[in-house]
Amino acid sequence: RLLDQVRGKIRLKHYSIRTEQAYVDWIRRFILHFGKRHPRELGAVEVEAFLTHLAVAGKVAAATQNQAKSALLFLYKEVLDVELPWLDNVERAKAPKRLPVVLTLAEVQALLTRVSGTHWLMASLLYGAGLRLMECLRLRVQDVDFSRKEVLVRDGKGFKDRVTMLPVALAAPLGAHL
């Protein structure tokens, strides 16, 4: 099946599980949009039409449209081995003109007081150590160095390793958890 081929190619390239889920979903939507026709029967014109439909009728954000475009380009280039001409006739979604919302210290503290146990520890690590969700979920005992107050993140975003700090306030609760 086509979507199984997509999953296989994504895993071969070591993309994150979230990227795999998003790409497969966009490819499925693309196929359904054109009446379940196989993408080999479709080309650049249909890709442009789908992306324009997302912007105009779907009113999606620019980042969402770019994600869909990346998924479709991956499908054609990596899975179907078809080079699409540059997509010039796509109606671009409007990029937001406002800054992203960042929680204040008081908001973070209010959020952390509403969770407890393992969920509190995970949320605190996400915030305090700057971990991404999947990095936190994949964290192992050997990746935490209490003496140096460091957390080693293995195979993080981009399949890279990095070292981040272990907040002093989390050392005792994390040690007790372990």
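Q: Where does Lys59 lie?
A: This is a predicted model, in which local features need pLDDT of at least 70 and side-chain atom pairs count only at pLDDT 80 or more, while totals for chains, interfaces and linings use all residues. Residues are numbered from 1 along each chain as its sequence is written, and side-chain values use heavy atoms, with hydrogens and water left out. Helices (H or I, at least four residues) and strands (E, at least two) are DSSP runs, numbered from the N terminus. With these elements named, Lys59 lies in the loop between α3 and α4.

Q: Is Lys59 buried or exposed?
A: Phi of Lys59 is near 50°, a positive value in a residue other than glycine. Relative accessible area sorts residues into buried (under 20%), exposed (over 50%) and partly exposed (in between), using a 1.4 Å probe and protein chains only. Lys59 has a relative accessible area of 69%, so this residue is exposed.

Q: What relative accessible area does His14 have?
A: His14 is found in the loop between α1 and α2. Its phi is near 60°, which is positive although the residue is not glycine. His14 counts as partly exposed because its relative accessible area is 45%.

Q: Which elements do the buried residues of α1 pack against?
A: The buried residues of α1 are Leu2, Leu3, Val6 and Ile10. Seen down the axis of α1, these residues fall within an arc of 95°, so they line one face of the helix; the arc is that of the directions from the helix axis to the C-beta atoms. The face turned away from this buried side carries the exposed residues Arg11 and Leu12. On the buried side, the packing partners are α2 and α4.

Q: Which residues does Leu75 touch?
A: Leu75 is among the members of the largest core that touch the most others. Contact means heavy atoms within 4.5 Å. Leaving aside residues up to four places away in sequence, Leu75 touches Leu2, Val6, Ile27, Pro39 and Leu80.

Q: How far apart in space are Phe30 and Glu46, C-alpha to C-alpha?
A: Phe30 is found in helix α2 and counts as buried because its relative accessibility is 0%. Beyond residues up to four places away in sequence, Phe30 touches Pro39, Leu42, Glu46, Val47, Phe50, Leu72 and Tyr76. Phe30 and Glu46 are 16 residues apart in sequence, and their C-alpha to C-alpha distance in space is 9.0 Å.

Q: Which residues does Ala93 touch?
A: Ala93 is found in the loop between α4 and α5. This residue is buried, because its relative accessible area is 12%. Not counting residues up to four places away in sequence, Ala93 touches Ala55, Val60, Ala61, Ala62 and Gln65.

Q: How far apart are the end C-alpha atoms of α6?
A: The expected span of a helix is 1.5 Å times one less than its number of residues. Helix α6 (residues 117-128) has twelve residues, so it should span 16 Å. The distance between its end C-alpha atoms agrees, at 16 Å.

Q: Which elements are included in what covers the buried residues of α6?
A: The buried residues of α6 are Leu121, Ser124, Leu125 and Gly128. Seen down the axis of α6, these residues fall within an arc of 100°, so they line one face of the helix. The cover over these residues includes α5 (105-113), α7 (133-137), β3 (162-165) and α8 (168-177).

Conventions: A nonpolar core is a set of buried Ala, Val, Leu, Ile, Met, Phe, Trp, Tyr and Cys residues joined through side-chain atoms within 4.5 Å.
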